Amino acid sequence: MSSEYVDGVKAEVAVARVRAEVASLHAELVRYGLVVWTGGNVSGRVPGADLFVIKPSGVSYDELAPENMIVCDLDGNVVPGTPGADRAPSSDTAAHA
């Protein structure tokens, strides 16, 4: 993915930005009492690419960080070789895709 560009930005940089944004938004869900335990999440589309980022399944919100967000294609498949790819994505991945 590192040699590809999306909207003039290296794909890895675009994915890193969305990972950070999605991790930050999950903290907001907790802050405002919008989720309980591990239920509920947000995802973020990678601009200019057929990819999105979503939280891993069953991981508590206090353990979430940009590096453990899951990168998926628009069919909901985890992108192999990306950080977090060893974990299962959220059970809501199909709906987000």
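The model is predicted, so local features need pLDDT of at least 70 and side-chain atom pairs count only at pLDDT 80 or more, while totals for chains, interfaces and linings use all residues. Residues are numbered from 1 along each chain as its sequence is written, and side-chain values use heavy atoms, with hydrogens and water left out.

A nonpolar core is here a set of buried Ala, Val, Leu, Ile, Met, Phe, Trp, Tyr and Cys residues joined through side-chain atoms within 4.5 Å, where buried means under 20% relative accessible area, exposed over 50% and partly exposed in between, with a 1.4 Å probe and protein chains only. The largest such core holds 17 residues, of which Val46, Leu51, Val53, Met69 and Val71 touch the most other members. Two or more residues come from each of α1 (11–31) and β4 (51–54), and α1 gives the largest share, six residues. Helices (H or I, at least four residues) and strands (E, at least two) are DSSP runs, numbered from the N terminus.

Ala14 lies in helix α1 and counts as buried because its relative accessibility is 8%. The C-alpha atoms of Ala14 and Val46 are 6.3 Å apart, although 32 residues separate the two in sequence.

From β4, Leu51 and Val53 point one way and Phe52 and Ile54 the other, and all are buried. Strands pair if DSSP finds at least two bridges between them.

| Strand pair | Sense | Bridges | Bridge partners |
|---|---|---|---|
| β3 (residues 43–45) and β4 | antiparallel | three | Arg45 and Phe52 |
| β4 and β5 (residues 70–73) | antiparallel | four | Leu51 and Asp73 |

β3 and β4 form a hairpin with five residues between them, and Gly48 in the turn has a positive phi of about 75 degrees.
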